[in-house]
Amino acid sequence: MGSQETGKAMRTHQPCAACRMLRRRCDTRCLLAPYFPADELDKFMGVHRVFGASNVIKMIQMAEEAKRDDAVKAIVYEAKARLRDPIYGSAGAISNLQKMVQELEMQLEAIRTRVSELKQERDQLLSNIHMKGHHVDPVYAINEPFSDGYGLSSVDVNGETMAYDPVQFPVEGDYWVF
């Protein structure tokens, strides 16, 4: 009776993905079973294709037991990267990301410079307006009709005073003409 229960228990045990792919018997001492469950066959296939089963087993054995899970994650990540980029692997992905970060940092610096320039222009315009004796609301910068002498004027449109350049945006009545 004891041998029948053992036989039933062995029949219900599913082989891990590694043993299924390698077509070998998977027992409770299988080193790969905790890291490559039966439903993750594609995960082991990639690792096997890049490193080979015996090398994977050696790498796992070399890692401390507490760090084996992390080691297998690194192996799987590198295998996926090597399948995508056989020459550079994950180093290529890291290099591409570093280039993207550098480009984004340069764009950010350019935007910061442009914002600084626009703030200086705004401050210069506000100081010019103040020097001419106009009251200026700093939030909206323009709340009274004015003319700066260079063609920039303001116009009252539906009760709101707006700055406009009569050459670029002529106004007829209450409507903008484009």
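Among contacts in this protein between residues at least 6 apart in sequence, 25% join residues at least 24 apart; contact means heavy atoms within 4.5 Å. The model is predicted, so a caution on the numbers: local features need pLDDT of at least 70 and side-chain atom pairs pLDDT 80 or more, while totals for chains, interfaces and linings use all residues. Numbering starts from 1 along each chain as its sequence is written, and side-chain values use heavy atoms, with hydrogens and water left out.

Next, the layout. The protein has 6 helices and 4 strands, in the order α-α-α-α-α-α-β-β-β-β along the sequence. Helices (H or I, at least four residues) and strands (E, at least two) are DSSP runs, numbered from the N terminus.

The axes of helix 3, residues 41-51, and helix 5, residues 68-84, come within 9 Å and cross at roughly 70 degrees. Axes here are lines fitted to C-alpha atoms over the stretch in contact, with angles from 0 to 180 degrees between N-to-C directions. The two helices are therefore roughly perpendicular, a label for angles of 65 to 115 degrees. Residues of helix 3 in this contact include V47 and F51, and those of helix 5 include I75 and L83.

Last, a single residue. S90 is in helix 6, residues 90-131. Is S90 buried or exposed? S90 counts as buried because its relative accessibility is 13%; buried means under 20% relative accessible area, exposed over 50%, with a 1.4 Å probe and protein chains only. Leaving aside neighbours within four places in sequence, S90 touches Y77, E78 and A81. Across the protein, buried residues make up 22% of the 178 residues.

Key: Parallel < 35°, antiparallel > 145°, perpendicular 65-115°, else oblique.
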